[in-house]
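Here are my notes on the structure, as numbered points. Please read them with the model open beside you.

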Amino acid sequence: MNSMTLALAACAAALLPSVLMPLTPQSLRRALMCMMLFSSGVLAMAAGVLGLVQPDVATTLPLGLPWLPMHVRVDALGAFFLLVIGSLTAPVAIYSQGYLRHEPRIGVLMIFLPLFVLGMLGVVIADDAFSFMLFWELMSVSSWFLVTFEHTRAENRKAGFIYLLMAHLAGLLILGSFAVLYAAGGAFTFAAMRSAELSPLWASVAFLLAAFGFGTKAGVMPMHGWLPDAHPVAPSNASALMSGIMLKVAVFGFIRVIWDLLGSGDFQWWWGALVLAAGSSSAVSGVLFALQQHNLKRLLAYHSIENIGIILIGLGLAMLLAAFAHPLLAALGLIAALYHTINHAQFKGLLFMGAGAVLHSTGSRDMESMGALIHRMPVTAACFLVACISISALPPFNGFVSEWLTFQTALMAPQLGGAMLTAIVPFSAAMLALAGALAATCFVKVFGVVFLGHARSEAAANAHEVDAWMKLGMIIPAIFCALLGLLPVVFIPLLDAVPVALLHISLADAVHGQGWLWLAPIDASHASYSAPLALAGMLLLGGLAWWWLHPAGGRIRKGPMWSCGNPHVHARMQYNATSFSQPLRRIFQGVLQADEHVHTERPVHALLTRHVRHAVHVGDPAVKWLYQPLGALTLKLARHLHQAHQSSIHAWLGWTFATILLLLAVFT
Amino acid sequence: MKAVLFQLLQALLLVVLAPLAAGFVATCKARLQNRRGAGLLQPWRNLRKLFGKEVVLAAHASWIFRVAPYVVFTATVMAASVVPALLVSTPLSLTADVIALVALLALARFFLALAGMDIGTAFGGMGASREMTFSALAEPAMLMSVFVLSLGAHSTNLTTMISHTLDTPLVLQPSIAFALVAMLMIALAENGRIPVDNPTTHLELTMVHEAMILEYSGRHLALMEWAAMIKLLLFATLILDLFFPWGMATDAGLMAMLLALLCWLLKLAVLLLLLAVCETSLAKLRLFEVPEFLSTAFVLAFLGLLIHYMLEVSL
């Protein structure tokens, strides 16, 4: 049993439901799909762990084109992403068993949800450009069916269209970078591309094509415009997969093409600087726009942009350090980025599942109509709280560990190149700190508005806890978040195989004298963090305080809340999502360009106010300044072409004549 | 083992002395304002009174509201216990470096703000919103100003950073001056002091910290208040550690420790007196001038980082 067998078995398990769908009776479809997805996830996890500890396994499958059989390989990088995919697919499969209970159109999901997982699994084990693109497109197209699942609503169709368009634009750019590599290497296999010698110019062309292609798919600012529309409209279990792991597959593609195929030896300094700049801008602007949302799933989608930014800060630092020949620090940056990748998969998957649970029981995505759900949905609230603490980068959970590692990489970076270049490293650290603090603000708002306070609507007041399947699906990633946060010293050596493969340096060797008991990259006198000790200390202290203060149960009297003497307290007097973020909206108005209107109705007298309406709209600048102008330009060009099509026969003859002249001029 | 014991004692000292420090500031302020003041021990008396009182809980408070005081208190004490006050090399400080320290304080704030929103009063939400907004600006500024020193010491461990400052000859480094100014501004904001927030107001539309803990009573309130006092002493000690560590004990001998204690109390008194003077002479800022105050701190700290990178790395 090796990692390849397990990975192929995972792929087969993901393929099976879509093949069997027409033969399965409606009543069995959900159970079969969830069971197969769960097995696929578990197999992928097993393959990932085996692949990280064992040497690479490669094989050729008798599929694909006649002259190009399908090459597949499980190497350290692919194995790590198999682990990421599997570790979220399995809990989402359990969750889906409950979430899709009353779904009449289960057949559609039974085809496309497993195919989507198959596409992602295929991308990470592909070993030639052809199968890579094949699985990549399978992932993009099958997820389009998930985005447009509720296609009766016009905005979902529009979101789906933009999603498909951007996915294909990204695909085209990636294809372009493979074309450059193919031209240099002479074959479609990754082995040939890896050994290809590229001139710095062509290497940069391939880098730019890949960076923009994968960046678009990963939702990097400013190409992210499709993401906040597409992720919220898919069913929540699909959103969890899309946000939790599909964006990570784009990160995988980025590392595969740029670190592996182009090679870390060829890095030019400005590549890292560009990635770092893109990461910093994504991290801060992602969270700034997330803060202004009141649609829960849309808010989470913006946070994906932020977290992709954090991953890119790690990768960009690593690329910059690798370009200046500091492989050890580059390995640290790479580990930080990878650790954040798996962390984000866990807590973002959990957050989307939690949002799905809330949607399931209140029927709403709008935070302004929620509140007090902690009393009605205690398990969902507890899991959601774990994810909120994790994503806010607070100890002792996992988000803090990866941000800590990223900070360490930035702080240990020595003087690089010129002054401008050196300044970008602390700048990115500053942006990372700002993004982390803003994320905490945002998740206080999310948890406070959705789960605490008073219910803001009838639906929220009568909400019910979700079923055992959905609870279990949320508890598993919550446990992963805690484990990844408490035991980084166990997981990081596992990840070490990736920098060994890509940078030929092991981080474990560098800390040989220290041991992995405490998280102390490079040296304990430089920096160290011990999550287990911190947690133990806090539990001990908290326990002592509680024990001391609770003699015989303590005296507690229940009373009404303090209402400043006003007996008429209404749930709408609470701060809501829009008012909570009002101070930040005002501070960052220059970036957000929020459109605020206060409309006061005074029908009788100028001093007698009847109604006050306050409306805020925060648009997305990427849509306004990039997508819409590009769309308008395309339409304008098409209109001109259209006019040429409809002109008279003389004009057509003229075109023909001009073409012949041109051809003669070129080919003679 | 001896060092661990000393560190635990030192943490205990920080926790127990925190109300005294708060009382000292209040007394200094009173004297500066020609009042007699309630005395140095008043915060202790207040805490004892609160611990003895029963808890009145709002009818629909969730478990978050009851857990939050313990989380806030333990996270703050945890953070205080890794800050060396007397002894430079403290073994348990390895548990959390300065980034983790900032994060522990952020964890406390996270739960404080959640507790503010739990009851569902307009005051609680307002306090939470403002506190998180200000901290979103203050926390990165604090990290930046600490990073200025970390870069010099090539470390984020407090022990290493302090020994580095003690070992290097005293040269005026402009980056550290920037970091110090930024850090002082942030310390005012993080502890809710004038000119950012007023710790002595109640039921005023400008308050931040007090608005969040408005619903607390009895031992819960005592824990919250005590945590706030510990945080004040923690920030004061951190500033002394990072910028003025002279006089700290490098070994765990009795004489050295006594000398270090004396030095620490003296430095602390000067710093807290400065705070009292500052609180007496300044007026509270308008709410929307606070972000400008904090972004000034952020820019100063960032300038400190840049200056360090551009001018001082070769030193």
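1. The radius of gyration is taken over C-alpha atoms, and the globule rule is 2.2 Å times the number of residues to the power 0.38. For the 668 residues of chain A, a compact globule would come near 26 Å; chain A has 26 Å, which agrees. Along its principal axes, the C-alpha trace of chain A spans about 95 × 75 × 65 Å.

2. A word on the source. This is a predicted model: local features need pLDDT of at least 70, side-chain atom pairs count only at pLDDT 80 or more, and totals for chains, interfaces and linings use all residues. Residues are numbered from 1 along each chain as its sequence is written, while chains are lettered from A and ligands numbered from 1 in the order in which they are written.

3. Chain A holds 28 helices and five strands. Helices (H or I, at least four residues) and strands (E, at least two) are DSSP runs, numbered from the N terminus.

4. Burial in chain A comes to 56% of its 668 residues. A residue is buried if 20 or more other C-beta atoms lie within 10 Å of its own, exposed if 12 or fewer, and partly exposed in between; C-beta atoms are placed from the backbone.

5. Now the contacts of chain A. Two residues are in contact if their C-beta atoms, placed from the backbone, lie within 7 Å. Of the chain A contacts between residues at least 6 apart in sequence, 79% link residues at least 24 apart.

6. Chain B has eleven helices and one strand. Its radius of gyration is 19 Å, close to the 20 Å that the globule rule gives for 315 residues, so chain B is as compact as a globular protein of that length. Its C-alpha atoms fill a box of roughly 60 × 45 × 45 Å along the principal axes.

7. In chain B, 60% of the 315 residues are buried. Contacts in chain B between residues at least 6 apart in sequence join residues at least 24 apart in 80% of cases.

8. Helix H7 of chain B covers residues 174-190. The expected span of a helix is 1.5 Å times one less than its number of residues. For the 17 residues of H7(B) that gives 24 Å, and the end C-alpha atoms are 24 Å apart, which agrees. H7(B) is mostly covered, with 13 of its 17 residues buried. After H7(B) comes B:Gly192, with a positive phi near 65°.

9. Is B:Leu170 buried or exposed? It counts as exposed, because it has 7 C-beta neighbours inside 10 Å. B:Leu170 sits in the loop between helix H6 (158-167) and H7 of chain B. Its C-alpha atom is separated by 25 Å from that of B:Leu275, 105 residues apart along the chain.
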